[in-house]
Amino acid sequence: MSNGRSDLSKDELYRRLEEAEDIIRAIREGEIDALVIRKSSVSDEVFTLDGNDSYRSFMEAMDIGAAAFDSHGNLLYCNGALCTLLDVSKQSVAEGGFWDAFDDVNRAAVNNALRAARDQKTTCEVQISVDGSLRRLLLNSDALQLGVNDAVAATFTDITDRIQAERNQEAERTALAILASAAEAVVVTDEDGIVSHANAAAIALASCDPVGLSFDKAFGLEFSAATGLMQGDDFIALAVAGQSVQGVEALAPRGRITQDVLVSAAPLRVAENQTKGAVATLVDLSARKSAERQQLLLMRELDHRVKNTLALVVSISNRTASTEDSIEGFREAFSGRIHALAATHNILADRSWSSIRLSELVAAELAPFVADYHRRFSIDGSDVEILPRAAVPLGLIIHELATNAAKYGALTSESGTISVQLDPNVESESRIIRWVERGGPEVSPPTRKGFGHTVIERSLKYSPAGGAQIDFAPSGVTCSIRIPAEDVMATSPIL
């Protein structure tokens, strides 16, 4: 004892004496519940003053981890709940196992919180690793007075499950928001194939609210390619088993209208990549199917037109050959007629085979013969739209009239002109167009009728309301062309 005192200064002995007197006073006045006696570096002892071990009993009764620290951050005591939470034993805690449970970053965070708690209550989050699993703890610390000594009380609450639950709730809200905003139908099922979520687009495809029903009972999809062997529940079962199914066409007959849909299903994987159900999408194929039907219709129409055009070309070839006296004559006549046919086809193709203006058609057919087109040609009255059925034969008629005018009629003279007059009468079964030539040489009727004359008279005879009559008057050729009224549409007047 004397050796121990000789190591202390007189002032230090006085200070310790004053602390002892303060502790005795605090005990006498009931300010201290317990004493913590440090017996060695290995263990401490907590003594309560009421004889019932109340301090230790209180901490041990807590279901959350609790600990007390001195003013220097040294661990004085921790309860069993904290040992369990940190996965350390009481013996390990006494040997420094408490601090070993934290890595450097989180150990520093605990120390900072304990220091800050001397001035005010502090709260922070720290992390530990238990059996390879990351756990998140909420640390609350506050100043504690043990007699005349300052201390810090701390509680550690495992909030890992709460945070995960909050994340799950947020993920659920996000998933529901995605479902609600998705344009295509989206359906979520559990592992038994029972619908748990469905957005508005999916509900529209079902006969009733699908939630709580099996997928097949809710939507009753029909798979024509599966010959009745495949049902919607089979796709869900495949997805739940971990196999995705992509892009299978089906019919959804239970909605407000029957729709063609493209069905896909995939596993619903959640935490740790566990499959908890399936997600199915049903994409509306109505627009695509309509486009496919339109495309098929157009292909059939194109096939029909190509066959008709080829038949027309063969007929033109044969009839031209039978009326021409030389190869050169045949080449010139046949080539001109094919070019006339192509000119009309080109304009119709540019307008998606909807119709062609009369002025456009005449201009295209006269272009090879007239350089100063606007001075030599005019359309009197309103312009009209000619439907394809009439446009092709009308183009051939105009070509034959232009060819005759260039060889024998108005286009052989500089003063010659051509006008196309549209009869204003729209009440009859036919619309009448008159081709009138003026200013050319005196005309006399031909001594024989060639194939061109046949083209003019017969080309529009596909209808009783169609046809043409050519007149070789001395003042100039005129031709009255009758077009079936259903193949003519009114348009803006020519200015």
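Trainee: In which helix is Thr344 found?

Mentor: This is a predicted model, in which local features need pLDDT of at least 70 and side-chain atom pairs count only at pLDDT 80 or more, while totals for chains, interfaces and linings use all residues. Residues are numbered from 1 along each chain as its sequence is written, and side-chain values use heavy atoms, with hydrogens and water left out. Helices (DSSP runs of H or I, at least four residues) and strands (DSSP runs of E, at least two) are numbered from the N terminus, and the helix of residues 327-350, where Thr344 is found, is α13.

Trainee: Is Thr344 buried or exposed?

Mentor: Leaving aside neighbours within four places in sequence, Thr344 is in contact (heavy atoms within 4.5 Å) with residues including Ile356, Leu361 and Val392. The classes rest on relative accessible area (buried under 20%, exposed over 50%, partly exposed in between, with a 1.4 Å probe and protein chains only). Because its relative accessibility is 2%, Thr344 counts as buried.

Trainee: How are α16 and α17 oriented to each other?

Mentor: Helix α16 (residues 388-407) and helix α17 (residues 451-458) pack with their axes 9 Å apart and at an angle of about 140°, where axes are lines fitted to C-alpha atoms, for helices over the stretch in contact, and angles run from 0 to 180 degrees between N-to-C directions. Angles under 35 degrees count as roughly parallel, over 145 as roughly antiparallel, 65 to 115 as roughly perpendicular and the rest as oblique. The two helices, α16 and α17, are therefore oblique.

Trainee: Which residues of α17 make the contact with α16?

Mentor: On the α16 side, the contact is made by Leu396, Ile397, Glu400 and Leu401. From α17 come Gly452, Val455 and Ile456.

Trainee: Which strands stand at the edges of the five-stranded sheet?

Mentor: The sheet is open, with mixed pairing and the order β14-β16-β17-β19-β18, two strands being paired if DSSP finds at least two bridges between them. Two of its strands each have a single partner strand, so one side of each is left without a neighbour in the sheet. These edge strands are β14 (377-380) and β18 (467-473).

Trainee: What is the bridge partner of Ser430 in β19?

Mentor: Strand β17 (residues 430-438) and strand β19 (residues 476-484) run antiparallel and are joined by seven bridges. In β19, Ser430 has as its bridge partner Pro484.

Trainee: At what angle does α17 run to β18?

Mentor: Helix α14 (residues 358-366) packs on the sheet, touching β14, β16 (417-422) and β17. Helix α17 lies across β18 and β19, and its angle to β18 is about 130°.
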